[in-house]
Amino acid sequence: MSTQDDQAKDVVEAEAGETQATAPQAKEPGTGSSGTIILFFIFGILASLILGWAIFPTLLYSKKQQPVAFNHADHNDQVDNGCESCHFFREDGSYSGVPKLEQCIDCHEEVQGETETEALFVSEYVQKDREVPWLVYSRQPPCVFFSHAAHVKKAAMECAECHGPIGESDSLKIYQQNRITGYSRDIWGGNIIGLKKNSWDRMKMDDCVECHREKGVNQGSVQTEKGGCFICHH
Amino acid sequence: MKIDRRSFLSFVIGGAAGTALTPLPWKLTDDIAIWTQMWPWTPVPVNGDVSYVDSTCTLCPGGCGITARKIEDRVVKLEGQPGHPINDGGLCLLGLSGAQLLYGPRRVKTPLKKVNGKFKRISWDKAISEVTDTLKQLRSKGHSHKVAAIAASDRGTVPELINRFLTAYGSANFIRTPSILDTYELTLHLMHGVQALPGFDVENTDFVLSFGSGLLDGWGSPVRMFRANSKWREQNGKVVQIEPRLSNTAAKSDNWIPIKTGTEGALALGLAHVIIKESLYNKDFIHNYTSGFEKWKRPVVDGFSPEIVTKITGVNQATITDLARKFARASKPLAVCGRGWGATPGSLKEFMAVHALNALVGNLNMAGGIWALPEPDYIEWPELEMDRAASAGIQKGRIDGAGTPNYPHARYLLNRLPEIINSASTSPIDLLFVAESNPLYTLPDTAATKEAFEKIPLVVSFSSYMDETAEMADLILPNHIYLERYEDVPVTSGIQYPLIGLAKPVVNPQFNTKHTGDVMILLAQALGGFIANAFPWKSYEACLEETLGDKWEPMVEQGYWINAGSKAADWPETFETASRKFEFVNKEIDALPRFAIVKPQGDETSFPLVLIPYDSMRLQRGFIGAPPFVIKTVEDSVLKANDILVEINPETATTLGLKAGRYAKLSTPKGSARVKVHLFDGIMPGLVAMPAGLGHNAPDKYLSGKGLNANDLIGPFEDSASGHDAAWGVRAKLSKV
């Protein structure tokens with residue numbers, strides 16, 4: 001008898017039944033996996049956008065107070081030559097920058113007024129002959145050579161054009177120091193993507209270049225007309 | 001929802017995409033770039049006020065005025081002081097590198113004591129008390145004469161404080177390091193009867209006859225000589241350089257006369273012969289202001305005709321005659337000698353022969369000539385009183401034999417000291433002070449010097465740098481370097497007017513060092529008694545101010561004091577001999593041995609060549625080893641990697657089978673070493689020339705181990721007339737290796 005064939009048919013039928021049973025399950029659409037993928041993709045984008053635009057700028061800068069709460073507006077009223085009274089050119093043409101204690105002692109050898117700030121200044125610094133460790137907003141890295149003489153005397157620029165209206169301020173703003181480089185936020189600028197409204201909002205090379213291009217400054221050597229880089233990067 | 005690997009990956013990709021749309025990557029890149037410039041080991045100059053401080057350089061005897069540019073407290077550059085009488089704004093390579101010496105790794109930063117072969121830091125109190133203890137011990141045993149001091153100069157408050165200390169203590173053994181000053185002083189003493197310094201009016205001469213002097217290689221006051229040379233060029237002056245090798249000086253001269261080594265003195269006498277024979281000498285001076293001319297000229301006329309001299313020197317007869325005529329007929333001729341920069345005193349008779357040439361043309365104390373300058377006398381301290389121990393010590397005499405019947409005229413004979421110590425069973429010196437000098441490097445026959453110094457129980461070095469002598473010393477009491485201290489610098493390097501420079505502190509002492517002047521005062525006061533009485537000052541600065549008196553203020557302001565109105569004495573007054581005239585011969589001169597060429601040591605068969613060291617501005621043979629700025633300028637034909645190159649004539653090379661750039665073995669009676677060969681047409685065949693100033697094994701890795709020290713291969717040779725070292729070279733052999 002063809003028992004083999006019968007048995008085979010049974011087996012085949014049995015197998016067919018099984019596959020039929022499982023197939024329908026496989027044909028259903030898998031909503032779980034690809035949705036998760038897209039979702040996480042979106043999470044990723046959102047997280048990095050928030051990190052990059054909001055968290056990073058905040059974390060990048062540490063906030064420091066100036067050692068003495070100096071009032072520019074006040075002092076500007078009382079001196080004869082405006083900014084130049086304390087920020088001046090020395091005899092050899094170099095710029096004095098942020099004043100040394102010597103400058104302050106000219107007037108503040110003893111307490112002049114009635115504020116606590118001044119009293120603190122005189123006792124902690126003048127009497128101890130300690131230089132005030134000012135945090136300088138406009139400090140550039142050592143690769144940059146900047147000549148105040150060329151800009152203030154030759155180009156007759158105003159201090160505020162690069163440094164902002166600091167002379168009119170009542171107090172020194174918080175010094176925001178870049179934790180990686182050690183320089184002030186004023187160099188890159190307050191705006192994280194470098195957008196600026198005023199000429200003094202940013203002090204990166206691009207900002208110098210902008211003005212130089214606009215004014216058609218001759219960047220090169222007079223003789224060879226070359227050497228643009230080396231004028232500022234000795 | 002299933003959070004699996006895929007969702008994590010998509011989160012990351014989303015994050016990356018998002019990040020690229022934020023300013024983060026760009027800002028971070030910019031910040032990291034700046035961050036790399038701020039690493040603490042990257043040198044960044046300070047920002048700050050610029051200031052200039054004037055001072056005087058003491059790295060060589062030249063005495064140039066310098067001005068240091070500082071940013072805040074940091075010396076950034078050294079420049080020559082504009083308007084200074086010696087250098088007027090110029091400065092040599094070594095002077096310019098002073099800031100490297102100030103801040104570099106050579107500095108000895110605290111007092112050090114050698115314990116079991118290694119240096120240990122000790123406090124100043126301990127250091128001073130150690131020295132004081134030994135001094136007291138020696139004195140109590142009646143051994144004060146066993147204390148000696150080596151110094152670079154015997155003029156100026158610090159050397160004179162050391163000398164005063166030794167005298168009050170009871171020792172006559174203050175020894176100045178050797179140089180041509182020794183021989184020039186002695187020449188002036190014998191022929192003028194004065195204790196004087198030689199001055200050369202190079203600014204006003206129009207014909208310079210140089211017997212091997214390195215006019216542009218460090219002789220005299222280097223920057224001054226360069227400026228004088230420029231003047232000679234501008235005003236059509238003539239320079240005749242007589243030497244066996246085409247040095248920088250010879251190359252820039254108008255006439256280079258190659259000559260057989262060591263025979264310069266014979267040539268001088270040969271020129272004198274011609275001048276006498278042809279009556280070209282200054283009749284007024286010779287007949288009215290000299291004595292002994294007739295006696296002196298006899299052997300010159302008989303024994304130094306051009307026929308004879310040409311055989312000795314190799315210079316041809318026509319050149320000799322021609323040169324003599326040109327020299328005598330020049331309006332302001334000047335003859336100078338002292339080989340190279342003047343490290344070796346040389347043969348007294350040779351110097352006297354050259355000085356006789358100056359006398360023949362009558363340029364003594366005249367414009368453009370050689371002057372005898374009175375020694376600086378501004379230091380007027382109260383006469384010191386000696387106690388019995390001191391007198392007893394002084395009576396024992398000098399250890400180096402200077403002034404004894406064998407060496408009646410020499411004042412200092414440091415070249416004899418190593419042999420004296422080595423040949424004695426116990427060292428005759430128990431305590432040696434070494435100030436502003438490095439005898440273990442600068443004295444010929446370094447092996448003998450080292451052996452001798454090692455025999456001395458206590459060697460105290462005042463060096464600011466860990467140089468060769470400091471390294472083997474038992475105690476180092478480091479001095480401030482010249483940029484950190486006040487000191488008077490009387491210039492003795494051949495200027496023709498009295499000038500005292502003032503070294504001023506340009507910065508505060510950077511380390512725990514102490515002024516040697518202060519150390520001497522402290523030692524004296526610790527010893528008490530008559531010694532302390534001889535040192536009545538509270539500090540060195542007080543001593544200096546008091547000593548300079550009313551010169552102090554102008555010196556602080558201007559940086560130097562000059563006797564602008566000084567003139568050389570006129571002829572009758574300038575000579576203090578018995579006859580009140582310039583003496584060609586006298587009792588003392590007659591007692592000297594006859595003129596003889598100094599021969600190089602070694603036997604001709606084993607050592608067929610002759611080795612001469614040569615000086616250049618790019619290497620320093622003196623106590624300061626070349627700083628890194630300077631060593632970097634040395635050419636590949638002098639030093640290649642760590643190998644020194646010796647010059648030989650191509651003819652010599654062919655004979656010996658040596659090739660350019662290949663190694664060879666250089667041997668002398670003193671030792672041998674491996675060198676590289678450099679072929680040079682500007683050197684006579686049969687000669688080997690070796691740059692001097694290399695071969696340090698201290699003070700830092702930038703100089704150590706480069707090349708060879710010529711003094712390793714050359715030994716001293718006692719001049720029969722004076723006892724000074726007159727070795728100008730040594731016999732040598734070059735063989736293939």
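Trainee: What covers the buried residues of α16(B)?
Mentor: The cover includes α6 (157-169) and α22 (529-533) of chain B. Contact here means C-beta atoms, placed from the backbone, within 7 Å. Helices (H or I, at least four residues) and strands (E, at least two) are DSSP runs, numbered from the N terminus.
Trainee: How far can I trust the details?
Mentor: This is a predicted model: local features need pLDDT of at least 70, side-chain atom pairs count only at pLDDT 80 or more, and totals for chains, interfaces and linings use all residues. Residues are numbered from 1 along each chain as its sequence is written, while chains are lettered from A and ligands numbered from 1 in the order in which they are written.
Trainee: Which residues of helix α16 of chain B are buried?
Mentor: Ala390(B), Gly393(B) and Ile394(B), in a helix spanning residues 388-395. They sit on the same side of α16(B), because they cover an arc of only 95° around the axis. That arc is taken from the directions from the helix axis to the C-beta atoms. Buried means 20 or more other C-beta atoms within 10 Å of the residue's own; exposed means 12 or fewer; partly exposed is in between; C-beta atoms are placed from the backbone.
Trainee: And which are exposed on the other side of α16(B)?
Mentor: Arg388(B), Ser391(B) and Gln395(B).
Trainee: What follows α16(B)?
Mentor: Gly397(B), with a positive phi near 85°.
Trainee: New topic. What is the strand order in the open sheet of 4 strands?
Mentor: In chain B the order is β11-β10-β9-β13, with parallel pairing. Strands pair if DSSP finds at least two bridges between them. β11 (255-257) and β13 (333-340) of chain B are at the edges with a single partner strand each, so one side of each has no neighbour in the sheet.
Trainee: How many bridges join β9 to β13(B)?
Mentor: 6, and β9 of chain B (residues 207-213) runs parallel to β13(B). Phe207(B) is opposite Pro333(B) in β13(B).
Trainee: Last one: how many residues does each chain give to the contact?
Mentor: Chain B gives 28 residues and chain A gives 28 residues. On the chain B side, α1 (5-20) and α2 (24-37) are the elements that give two or more residues. α1(B) gives the most, with 11 residues.

Methods. Contact = placed C-beta atoms within 7 Å.
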